[in-house]
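Subject: Structure handover and notes

Dear colleague,

Please find below the structure that I am passing on to you. My notes on what was found in it follow directly after.

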Amino acid sequence: MAKFHGAIGYVRTEETSPDVYSEVITEKNYFGDVIRDVKRLEEGDRFNDNVTIANRFSVIGDSFAYDNIGAIRYIKWGGVAWKVSSVEIQRPRLILTVGGVYNLPPPPPVEPEVP
């Protein structure tokens, strides 16, 4: 069984200014195991096929993870953020099943420094 160390992304809707709500991403690092490692190509109507994985990860949960299970959206593995399709609770572990690629929002623009 392969080992896992990476970030899990939590997405919450918060009021960023009066009457303006935005999705805020929080990432936390976790350790665990890769229970299942499966990759497949799905043919679509696009030029390139979609890559999906049907992997399962077993991570040791903390109080933040258990309090925010409904906000888990992605897990970073192999340099890619993958959508979490289901979360199974087996205390003290969380079993995460993933699918397609999760499209992270682009980083905010960097303002050039003025001398």
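This is a predicted model: local features need pLDDT of at least 70, side-chain atom pairs count only at pLDDT 80 or more; totals for chains, interfaces and linings use all residues.

Residues are numbered from 1 along each chain as its sequence is written, and side-chain values use heavy atoms, with hydrogens and water left out.

**The barrel**

Six strands make a closed barrel in the order β1-β2-β5-β8-β7-β6, with antiparallel pairing; two strands are taken to pair if DSSP finds at least two bridges between them. Neighbouring strands of this sheet are turned by 45 degrees against each other on average, direction ignored, the axes being lines fitted to C-alpha atoms (for helices over the stretch in contact) and angles in general running from 0 to 180 degrees between N-to-C directions.

Going through the pairings, strand β1 (residues 2-17) and strand β2 (residues 20-36) are antiparallel and share 15 bridges, with His5 having Phe31 of β2 as its bridge partner. These two strands form a hairpin with two residues between them, and Asp19 in the turn has a positive phi of about 60 degrees. On to strand β5 (residues 56-60), β2 pairs in the antiparallel sense over four bridges, and here Val34 stands opposite Phe57.

Strand β6 (residues 72-77) and strand β7 (residues 80-90) also run antiparallel and are joined by four bridges; Tyr74 stands opposite Lys83 in β7, and Lys76 stands opposite Ala81 in β7. In their hairpin, which has two residues between the strands, Gly78 takes a positive phi near 65 degrees. A further hairpin joins β7 to β8 through two residues, and this antiparallel pairing extends over seven bridges, with Leu96 in β8 as the bridge partner of Val87.

**The core**

The largest nonpolar core has 18 residues, and those with the most contacts inside it are Ile8, Tyr10, Val59, Ile75, Leu96 and Val98. Such a core is a set of buried Ala, Val, Leu, Ile, Met, Phe, Trp, Tyr and Cys residues joined through side-chain atoms within 4.5 Å. At least two residues of this core come from each of β1, β2, β5, α1 (63-67), β6, β7 and β8. Over the protein chain, buried residues make up 32% of the 115 residues, buried meaning under 20% relative accessible area, exposed over 50% and partly exposed in between (1.4 Å probe, protein chains only).

Leaving aside neighbours within four places in sequence, Val98 is in contact (heavy atoms within 4.5 Å) with residues including Ile53, Phe57, Ile75, Trp82 and Val84. Among contacts in the protein chain between residues at least 6 apart in sequence, 51% join residues at least 24 apart.

**Tyr102 and the aromatic residues**

Tyr102 lies in the segment after β8 (93-101), and with a relative accessible area of 18% Tyr102 is buried. Apart from neighbours within four places in sequence, Tyr102 is in contact with Val11, Arg73, Tyr74, Ala81, Trp82 and Lys83.

The structure holds four aromatic pairs, counted where rings of Phe, Tyr and Trp (its six-membered ring) have centres within 6.5 Å, with planes under 30 degrees apart taken as stacked, over 60 as edge-to-face and the rest as tilted. The rings of Tyr74 and Tyr102 have their centres 5.0 Å apart and their planes at 25 degrees, so this pair is stacked. The pair links distant parts of the chain, with Tyr74 in strand β6 and Tyr102 in the segment after β8, 28 residues apart. Tyr74 is buried too, at a relative accessible area of 0%. Elsewhere, Phe4, Phe57 and Trp77 form one aromatic cluster.

Two charged side chains also sit over rings (NZ of Lys or CZ of Arg within 6 Å of the ring centre and within 35 degrees of the ring normal): the charged end of Lys28 is over the ring of Phe64, 4.6 Å from its centre, and Arg91 lies over the face of Tyr66, at 3.9 Å from the ring centre.

With best regards
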